[in-house]
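Student: Please take a close look at one part of this model, a pair of strands and what surrounds them. I would like the terms defined as you go.

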Amino acid sequence: MKPAPFDYVRASDGAEVLDVLHRQGADARILAGGQSLLPMLNMRLARPAVLVDIMHVPSLQSIADDGTALRIGAAVRQAELEARPDLARRQKLLAAALPWIGHAQTRSRGTVCGSVAHADPSAELPLLLVALGGTVHLRSRRRHRAVEAGAFFTGMMATDRADDELIEAVSIPTARPGAGYAFREIGRRHGDFAIVACAAVVENGRARLGIGGVADRPVAQDMPGPDDEALDEALDAFAWALEARDDLHATARYRRELVRRLGRATIEEAARCRA
Amino acid sequence: MGADVTAETGWVGRSLPRVEDAALLRGAGRYIDDLGTPAGTLHAAILRSPHGHAAIEAIELAAARAAPGVVAVLAGAEIAALTASLVVGVKAPMECWPIAIDRVRYMGEPVAVAVARDRYLAEDALDLIEVRYRPLPAVTDPLAALADDAPVLHPTLGGNLASDRRFSYGEPDAAFAEAAVKISVETRYPRNACTPIETYGVVAEYDPGLDAYDVLANFQGPFSLHAVMARALKVPGNRLRLRTPPESGGSFGVKQGVFAYVVLIAAAARTAGAPVKWVEDRLEHLAASVCATNRVTRLDAAVSAEGKILALAWDQIEDCGAHLRAPEPATLYRMHGNMTGAYDIRHVSIRNRVVLTNKMPTGLNRGFGGPQVYFPLERLVQQIAVQLGIDPLEVIRRNLVPADAFPYRTATGAILDSGDYRAATDAALRQGGHAELVARRAQARAEGRLYGIGYAAVVEPSVSNMGYITAVLTPAERRRAGPKNGAQATATIALDPLGSVSLHVASAPQGQGHRTVLAQVAADVLGLRPQDIRVITEIDTARDAWSIASGNYSSRFAPAVAGAAHLAATRLRERLARIAAAQLNVPADEVVFAERRVRARDNPDNSLPFARLAAASHWAPGTLPADAEAVIRETVFWTPPELTAPTEADEVNSSLCHGFIFDICAVEVDRVTAEVRIDRYVTMHDCGRVLHPGMVAGQVTGGFAHALGAALYEEHAYGPDGSFLSGTLADYLVPTAMEVPEPVILHHETVSPFTPLGAKGVGEGNCMSTPVCVANAVADALGLADVTLPLLPARLAEHLFAAETSPPDRPARPVAKPGERQLFGEGSATVEAPREKIWAMLLDPDTLAAVVPGAHGIEKLSPTNFRADVTLGIGPVKGRYRAEISLSDLRPPKAVTLTGGAEGGLGFGRGTGHVTLTEEAPGRTVVAYCYEAAIGGKVASIGGRLLDGAARVVIGQFFQALATQAGGGRRGGFFAWLRSLLPWGG
């Protein structure tokens with residue numbers, strides 16, 4: 001439980017971060033909140049040559065609300081977002097889902113963008129990003145680009161990020177008038193990895209349901225609304241399409257059933273909670 | 001606390017603030033890792049087996065030995081040269097080493113020890129040790145281990161059965177022949193553990209001049225294991241000084257198991273020529289400390305039509321893991337005297353088998369043998385009720401040992417010391433609000449909800465007879481070995497020149513509050529305040545009074561250790577009274593100790609301060625009366641006469657005291673998610689005299705939380721290849737404050753006639769009663785005859801969810817069973833290239849390897865066999881592997897089969913893949929693949945949740961790369977695909 005040797009760079013500005021990534025590529029890892037990376041280092045699952053600490057880069061520390069989305073910088077901790085007084089008003093789904101991320105202790109260190117970069121298939125933030133149609137802002141010395149969340153997550157802990165790119169921010173759309181949002185999750189214990197997590201948006205009689213913990217990445221799909229009798233069939237098809245797997249904590253069958261049952265319950269709750 | 005409390009009203013029985021807490025709550029506890037180490041102390045790290053079962057063909061230590069800061073590296077041969085095998089508790093031809101010798105038998109088994117300047121360097125050195133394993137078939141199921149063709153762990157044993165004993169008490173055959181009905185249950189109790197916050201720690205030093213070891217370890221006892229350690233280190237007992245730190249961060253039995261590491265680290269210190277410190281990390285702890293046994297039980301009962309149990313027939317198959325490590329198979333025999341539980345059953349037969357499997361060796365765990373016995377017994381009681389259509393409470397009542405029968409000798413030899421089980425049960429029903437729960441159940445069921453109530457009645461044994469384990473030997477073997485019995489407890493009380501009192505006991509508390517209670521006990525005897533008594537609980541075998549039963553286990557503190565302290569204080573008082581009698585000029589039996597003074601009973605003004613009397617033997621021994629010796633230190637050894645050796649008929653009083661517990665559990669099972677919610681949990685205890693109500697409540701609450709883990713969350717899971725699958729706390733799920741409801745704790749006190757203070761043990765009982773009580777409640781809610789722990793919602797859901805039909809376009813595919821690490825996969829990709837071109841690529845590893853990043857050092861052994869070093873990973877997780885691959889069934893240009901294996905620091909994999917190439921159109925080829933792979937080692941135990949998905953990622957990457965390469969792109973290749981088949985990447 002001691003990491004292999006590595007170099008540590010405490011970056012003071014964004015350019016320094018990008019320089020290290022440009023030079024080291026896959027041998028460098030960004031150190032933000034460290035809640036996933038440090039256990040991996042200690043277990044020697046990961047052996048990066050250099051860690052770039054971005055938590056002291058001023059330009060990465062802000063949350064900007066432009067009226068349609070919250071743009072959250074790479075050094076913003078989950079607890080900081082959770083503590084925003086207007087969070088439930090600006091995006092109810094975020095307010096509902098953030099308490100499900102790990103524990104208060106991990107949220108006080110873990111960052112929003114770090115969770116997105118890590119791309120755990122059970123993680124709540126990638127699921128929200130996909131369900132809400134958010135955007136990932138990537139920057140390298142070569143270029144700056146914005147990738148839609150649905151295209152960003154490519155598999156188990158795999159993303160569209162190139163080795164020299166930094167996720168400098170993510171944009172999470174704020175609530176739209178008339179839309180309803182709801183989040184539900186089943187885990188073995190409080191704070192555990194989701195067996196199934198559901199994020200639903202209901203707008204104009206149609207639903208969008210995002211599912212985490214089942215496929216190898218968070219997946220969102222448009223659905224008939226809660227009053228549409230086609231919803232059950234759509235949920236069933238979605239449940240099968242996610243190719244659930246067995247593990248120690250749940251069976252594939254159980255996961256499919258929760259997609260149907262919990263998925264419907266979440267959509268219905270979102271419909272009830274329309275602003 | 002009021003200073004005016006006198007010995008008459010007493011300190012014992014009050015919930016005084018714990019003297020331990022000021023330090024513990026401020027982070028000032030002195031645990032092993034907080035204590036300073038001698039100058040020049042080195043640090044050890046342990047390389048552990050990634051395989052459940054494998055022969056060690058070669059170990060290369062040279063690179064590790066040459067690494068910076070490394071002082072010594074030892075493997076099995078080096079340890080074996082310095083030590084002897086640990087003594088095994090049964091008469092069977094097998095050895096038991098603290099490190100693998102030539103063969104690994106469980107995942108996590110130590111393979112080598114690196115000693116370096118610091119732990120980082122020691123772990124770096126482990127990375128440089130090359131071990132070549134030859135995997136062997138593994139067996140993890142105790143029944144499978146008994147099969148004729150099962151893989152054998154210990155060839156010298158000739159099989160996996162280490163012990164097979166049959167017992168008969170009364171006339172069970174006749175009872176079964178005459179009984180109205182026979183009712184049976186078959187159960188599998190899972191493996192779980194106790195998971196203390198603090199893991200094992202050892203600091204060991206060897207003095208070559210004295211040929212003596214000095215060891216500090218957070219060992220908890222029993223100190224009978226000191227003899228095992230000394231023998232293994234090949235020194236007399238007086239040359240193994242074993243000390244324990246002042247605090248231990250939880251043990252619950254588990255820290256008994258540190259003893260094997262004491263031997264290992266002591267031998268490493270001898271080789272290194274310096275003190276060596278090793279602190280177990282959490283991964284090591286989960287994989288390779290000690291856990292409880294899993295057990296397969298068939299229990300038959302001969303039952304009257306009214307539900308009276310006339311006879312029991314037990315068939316127990318105990319799985320002790322890869323080695324029978326002392327004191328095992330004690331888990332199987334700890335309950336031997338009370339195999340009839342709280343019931344009056346006169347005819348019992350027992351068959352006990354002990355088997356070895358490719359899993360972590362077992363050892364002490366809170367409840368020790370109790371949960372494994374009470375799960376089938378109390379499931380049986382519920383089944384009797386269901387099958388005979390009788391209220392389960394009635395079945396319990398009709399079978400409980402009656403109040404006028406105590407002390408009650410059970411059929412198998414235990415003496416149940418005291419109790420009124422029916423009164424306690426009735427009080428629990430009344431005070432626990434049972435009628436309300438029954439009404440809730442009726443209403444819930446009327447509303448279509450799933451609500452159930454379960455019960456459990458158990459006796460909780462405490463103060464183990466050191467002779468019970470010898471019941472595993474035949475009477476003839478016992479005669480040859482000599483009798484073993486008793487439970488020596490010891491306490492030493494001493495007076496210093498200022499007249500203050502110190503009390504030492506040979507226990508090793510793990511946070512229970514021993515010091516507080518012992519101060520209360522001694523203060524009452526000596527007429528002092530608890531804060532006047534300094535209590536010392538760490539043990540030093542070179543200086544303190546101790547014996548084989550010393551230590552903190554089998555709930556022996558309140559009944560035995562506190563009792564011995566009481567006897568020591570009393571003896572000191574009697575001797576002081578003789579001195580006081582001369583000074584006060586009254587007979588000794590008229591001397592009263594109260595309010596920190598010593599007085600004449602009939603003239604309170606005739607008194608002197610306690611401290612003055614207590615100091616007298618230091619300052620003025622010449623003034624002592626002629627009939628009184630100096631009073632400075634008093635050591636008491638106490639062992640109860642009731643703990644006799646097993647009889648020729650195999651009757652054994654396995655424990656001194658037997659508390660009684662009656663539990664009621666009401667649950668609701670969620671219809672949507674199948675989650676179990678505990679509505680109310682009532683637990684009634686008769687633990688004899690309560691010495692400190694607050695601590696008893698703490699013990700019961702802790703035991704309940706622990707047991708709830710066993711009931712709902714925790715399992716040491718293994719794959720069929722011996723892969724350990726719950727290697728982190730993300731997979732081994734310990735309940736937290738969020739998951740544990742507060743139980744309703746009730747008491748019905750009957751004083752034990754066998755212990756000095758009338759107390760019985762209380763710390764383990766809920767680990768025995770609660771798992772089965774929750775199971776009974778869930779069985780009642782869902783109408784189940786069979787229930788398996790832990791009660792996974794996904795498993796319960798199978799009884800709730802309607803049958804699922806797969807969509808027509810998605811035929812059922814082979815999928816891994818839960819807990820198995822066998823991966824299956826299939827897929828296809830369309831490549832814009834002619835089939836022959838792709839075929840050529842497939843057979844040209846050199847070309848492909850050149851374009852595959854991550855492959856280094858490719859060696860072509862033959863046209864169809866090659867070896868390579870590859871690096872692969874997912875996200876930040878990267879590992880380097882040694883891979884061997886062969887191609888077979890070549891059908892150019894249509895199909896090929898690949899077989900291979902790879903092994904590296906993160907784990908290993910073996911697999912087979914079939915590739916077919918179909919020309920869909922000219923210049924366009926469909927590459928279809930299917931594979932099966934088995935993955936094990938570190939990644940399987942700590943990353944199981946992500947394993948399948950990670951394998952898919954790697955495969956996906958390959959096909960993308962292959963397509964790019966075939967289309968003339970810059971990267972890609974067959975080799976990446978090979979890699980994807982083999983070990984896990986991420």
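**A strand pair in chain A**

Arg29(A) stands opposite Leu51(A), which lies in strand 3 of chain A. This is a predicted model, in which local features need pLDDT of at least 70, side-chain atom pairs count only at pLDDT 80 or more, and totals for chains, interfaces and linings use all residues. Residues are numbered from 1 along each chain as its sequence is written, and chains are lettered from A and ligands numbered from 1 in the order in which they are written.

Strand 2 (residues 28-31) of chain A pairs with strand 3 (residues 50-53) of chain A in the parallel sense, over 4 bridges. Helices (H or I, at least four residues) and strands (E, at least two) are DSSP runs, numbered from the N terminus; two strands pair if DSSP finds at least two bridges between them. From strand 2 of chain A, Ala28(A) and Ile30(A) point one way, Arg29(A) and Leu31(A) the other way, and all are buried (20 or more other C-beta atoms within 10 Å of the residue's own; exposed means 12 or fewer, partly exposed in between, with C-beta atoms placed from the backbone). Together with helix 2 (residues 37-42) of chain A, strands 2 and 3 of chain A make a right-handed β-α-β unit. Right-handed means that, with the strands pointing away from the viewer, the path from the first strand over the helix to the second runs clockwise.

Chain A also has an open sheet of 5 strands, in the order 4-5-10-6-7, with antiparallel pairing. Its edge strands, strand 4 (63-65) and strand 7 (144-148) of chain A, each pair on one side only. The twist averages 20 degrees from one strand to the next (axes are lines fitted to C-alpha atoms, for helices over the stretch in contact, and angles run from 0 to 180 degrees between N-to-C directions). Within this chain, strand 6 (residues 135-139) of chain A and strand 10 (residues 166-173) of chain A run antiparallel and are joined by 5 bridges. Thr135(A) stands opposite Ser171(A) in strand 10 of chain A.

The secondary structure of chain B comes to 26 helices and 35 strands, and buried residues make up 60% of its 986 residues. The C-alpha trace of chain B spans about 120 × 75 × 55 Å along its principal axes.
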